[in-house]
Amino acid sequence: MTEPLLFELSSPGRVGCRLPELDVPETALPEKYLRPELPLPELSEREVVQHFTRLSQLNFSIDTGFYPLGSCTMKYNPKLHEEVARLPGFARIHPWQSESTVQGALQLMYELQEYLAEITGLPGVSLQPVAGAHGELTGMLIVRAYHQERGDEGRTVVLVPDSAHGTNPATAAMCGYKVATVPSDPRGNMDVRELERLTDETVAGLMLTNPNTLGLFEEHILQVAEIVHEAGGLIYCDGANVNALLGIASPGELGTDVLHLNLHKTFSTPHGGGGPGAGATVVTEELTPFLPTPAAARREERESTAAATEYYLDYERPQSIGPVSGFYGNFGVMVKAYAYLRSLGECGLREVSENAVLNANYLLEQLRGYYHLPYDRLCLHECVFSGKAQANLGVHTVDIAKRLIDLGFHPPTVYFPLIVDEALMIEPTETESLETLDAFVSAMRQIAQEAESEPELLRDAARTTPVTRLDEAAAARKPNLRWQG
Amino acid sequence: MEPTDRKYSKEHEWAKPHEGLAIIGITDYAQEQLGDIVYVELPQPGDTLRQFESFGIIESVKAASDLWAPISGEVVAVNEELVDRPELVNEDPYEGGWLLKVHPQDESEMDALMTSEEYEAHLKTLEESS
Amino acid sequence: MSSYIPNTDADRRKMLEALGLDSLQELFEVIPPEKRYPHLDLPPPLSEMEVKKLLRGLAEKNADLDHHPCFLGAGAYHHFVPAVVDHIISRGEFYTAYTPYQPEVSQGTLTTIYEFQTMVCQLAGMDVANASMYDGATGVAEAGLMAARVTRRDGLVVASTLHPRYREVLRTYTQGMGMDIQEVGYGEDGGVDLRQADQLLGTGTAALMVQYPNFLGGLEDLQPLSELAHGVGALLVVCVDPIALGLFRAPGEQGADIVVGEGQSLGSPPSYGGPYVGLFACRQKYLRQIPGRLVGMTTDADGRRGFVLTLQPREQHIRREKATSNICTNEALVALAAATYLAIMGKHGLRQVAELCYHKAHHAASEIDALPGYERLFGQFFKEFVIRTPVSPATVNAFLMERGIIGGYGLERDYPQLGDCLLLCVTEMNTKEEIDSLLEALREIGDAR
């Protein structure tokens, strides 16, 4: 049964929330500014709760199942974090309160900055970006500011690998750059020869991901960094895949100048159905002057006064690119990442990456032979298969994905990276058990078999979900983006 | 078999001379690659096309591709039917799914385009390399 | 061992065996040996009990709004959040779900976004709204970029009464795009200086950008602004306070082309600046230039109604460097909070919230204006107003804090000509007692001077 919308449930006169009576004298309302109609729905509390609760039951979620989405790091979201983020001392403090009244919040932000710097090996940290793409924009604006400051106006190009996430070229374009693509080699690394050919004094930087979107560690990373640095460019690293490197390697030691992190991937904060995220940007010492203002800072003097508190917001950054957010970033998300880091410590983080990488390689090994493996080498935290063998039988990756849903799993990332035909990018994360991994393997093997013996099962999938395949062409041709009544 | 009454570009557009004008559209291969077309963004009558430069966008459910002008010229007419029925480009790319009509600027530009045979050969090489 | 990792040493041994490996270390041999296994100087791991105690300790160092009356606004607001809102966004099916790229298993998220989009349109009087931007500030920035795309012009005329921080973020966002940004000042009544706007607007202007109510709390008629903008072929971009729209005429009825705003007031706590949610809506004809995700209604193979992400080719994952924006993750859960808030408040509730704010703010403002040494500036307002104080705003606020009251926003940094002024905000959360204690404290300061 289709759940009706709020507007279909609405009934004139219904009231959801009772507010107190006015306790001060009234002032005449300015007639000419008043709106004649407010067309919002009218529902009681009971209906609102029933409506949204029933809708929630139509969702797949980490709490209910396995999400092997490559590059998304859908790891378990600890419940402790939800509790502490809701403490009144965190949730109900105003961003403009005087610093002496929010020392706990500033201390949390400062310490989180320190931890992220330690983990990445890059000292300059901004917590202001609220998403990965936002962190990318911040990082690339810093790259631009760096070259501008040196009077280097001729750097108009940014290099991006052919396996890059779409946000990379989109971000480069938002900074005014032209994008040139660097191909990958047969081993799945960036083609170093081609990189050399493309790198010259017009290149502002290279945006790479390491491990890359094939789940593979860039074997020539040190050489790649050298080539770009020698030509005067900077290395931007998309930190989406940092879950493979915690305590294993520091991006700062691998030639990275600018990196963004996704707290809602690597650091366990929940995805929320598409947000909120938090996307810290970290940079080298040399680039620190360009970071957005303000940042949380700490005075060395232990004794703080109302005027000079121990923790404060530092606005002194004359070369800053400027703020990228209305306030200081998604503080409510930072609290969760902070709690995560205090729970794990150094050894906990290393365990995360060791288990994430072991799980991914286990899946690679168990699915080998059932699906085409374009790059046959040890992967890191994710592995990429291709559905092209099945495509020859008339069954495409989208069908495999929909059939997996019928078998109780969220599909992996599909059709990305673009350099792999019919791509299936699988990232189990460290928070899944061997039983879950084996169940997933069984399902995938079953589907491979069905592709040969009963392909219509796949092409008709999904059949066990609240809705079956939806007509996306109709949705795009005659867009219906709001209820008209 | 690609129609022989027109010339083709590498980017899978065609230009067909007709009553002093040139009609422009995309090929069957292009519409198949794109999938269900949902929207076509075209210039206005009076705008100028420059050969091999982008003049619009053709959007499907899964892609949004630039349209590259096979020849230069001034736009004289745009296929208004595509506003309500963009799927015409999928159904009938060579006739009913035409995109626009231009007044060609330079007849010799057609020489830079491929004949139907050359285009078919081009499609074969694409198929082999994939 | 972390409790978040289910596998035991026995499990790992089995898996390594399947891989033909002896140790976990062998998985990382691809990393240059001298770079492998850095030592990370981090505090030692704590148990759940200890982390909770630690975090509680940090939270208790902060003066929170449950324990202190607050008269701060300036872009973040203390409004009532009904219990239903947190109850709904705490459901694991909502908050641990992924972006709804697989619609068959995401109808919950997709339906609520469609409802959110609808209600944003209803509030703003617009045709299309997206699934959210990061916040009001980045919404303004993206609106500027969108106006430039639509008009193919690179000039922006921005009201100085648009939130100062939003103007800064606009400049940050456009620094790589070669745009020309000019500011238009305010007149005696606090509204946009129309004469100056007329002078600055020209055929190179992509948009006139204003805030409603403006940063100084003031309301103004948007019609003349819309006429000025359209007169030169520019768009009118209006940044709103959605609570105000419970009472006042929608920008869509006054000629706005793009409406953006901060949705934090709709069911989210101030949370020290985030997570918030950017509202973004526009006219139908600009549909294909709107940034961010869009949810559309359609049917499935069996004719059932369903919802999908649509018009995705405009977005980064398909269009890449030609995308309308690079935005990927947005503020979905905060948008859900806003949708739940609007559902529970509804037509009557939202209007009532707005009226409470209006009457309380006006009562406080007129009482303060009557105090010796204080003066209210500017004209018609909603829930925020500007007060000239007898001593510096910083001194006033320090005195108020001693009384346990969180005061107003000092304007000296953003508007030097208003360096002796405070921006005060009064909402439905401020009781008569709180307002009286504010008045008493202010009177004392005035008398002592």
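Before going on, some housekeeping. What you see is a predicted model, where local features need pLDDT of at least 70, side-chain atom pairs count only at pLDDT 80 or more, and totals for chains, interfaces and linings use all residues. Residues are numbered from 1 along each chain as its sequence is written, chains are lettered from A and ligands numbered from 1 in the order in which they are written, and side-chain values use heavy atoms, with hydrogens and water left out.

Okay, back to chain C. Its secondary structure comes to 13 helices and 13 strands. Those are DSSP runs numbered from the N terminus, with helices being H or I of at least four residues and strands being E of at least two. The C-alpha trace of chain C spans about 85 × 55 × 50 Å along its principal axes. For the surface, the Shrake-Rupley method with a 1.4 Å probe, where for residues only the protein chains shown count as cover, gives chain C about 14,300 Å² of accessible area, and 48% of that belongs to carbon and sulfur atoms.

What about charge? Chain C carries 39 positive and 56 negative side chains, and the centres of the two sets lie 4 Å apart. Here Lys and Arg count as positive, Asp and Glu as negative, and His and the chain ends are not counted. Each charge is placed at NZ of Lys, CZ of Arg, CG of Asp or CD of Glu.

Now, domains. The bounds come from an automatic or database domain assignment. For chain C, that gives domain 1 at 83-341 and domain 2 at 347-448. Their C-alpha centres sit 29 Å apart, and the contact between them takes 27 residues from domain 1 of chain C and 22 residues from domain 2 of chain C. By contact I mean heavy atoms within 4.5 Å. Still in chain C, if you take contacts between residues at least 6 apart in sequence, 70% of them join residues at least 24 apart.

Let's zoom in on a helix. Why is helix H7 of chain C, residues 164-174, largely enclosed by the rest of the structure? Because 9 of its 11 residues are buried. Among them are C:Tyr166, C:Val169, C:Leu170 and C:Tyr173, and the arginines C:Arg165 and C:Arg167 are on the buried list too.

Another one to click on is C:Gln117, in helix H5 of chain C, residues 107-124. Is C:Gln117 buried or exposed? Buried, with a relative accessible area of 0%. Leaving out residues up to four places away in sequence, C:Gln117 touches A:Leu481 over in chain A, as well as C:Ala129, C:Asn130, C:Ala131, C:Arg293, C:Leu294 and C:Val295.

Over to chain A, then. Its two domains are domain 1 at 6-56 and domain 2 at 80-343, and 42 Å separate their centres, taken over C-alpha atoms. Have a look at A:Cys383, in strand E10, residues 383-386. A:Cys383 is buried at 1% relative accessibility. Beyond its neighbours within four places in sequence, A:Cys383 is in contact with A:Leu214, A:Ala360, A:Leu364, A:Leu424, A:Met425 and A:Ile426.

Chain B, quickly. pLDDT is the predictor's confidence in each residue, from 0 to 100. Chain B averages 92, and 98% of the residues score at least 70. Confidence there is lowest in helix H4, residues 116-129, at a mean of 89, and highest in helix H3, residues 88-91, at 96.

Most residues other than glycine have a negative phi, and most peptide bonds are trans. In chain A, the bond from A:Phe416 to A:Pro417 is cis, with omega near 0°, and A:Pro417 sits in the loop between strands E11 (413-414) and E12 (423-426). The bond from A:Ala461 to A:Ala462 is also cis, with omega near 5°. As for phi, B:His12 has a positive value near 70°, and B:His12 is buried at 14% relative accessibility. C:Leu311 has a positive phi of about 55°, in the loop between strand E9 (305-309) and helix H10 (316-319) of chain C.

How values were computed:
Buried means under 20% relative accessible area, exposed over 50%, partly exposed in between (1.4 Å probe, protein chains only).
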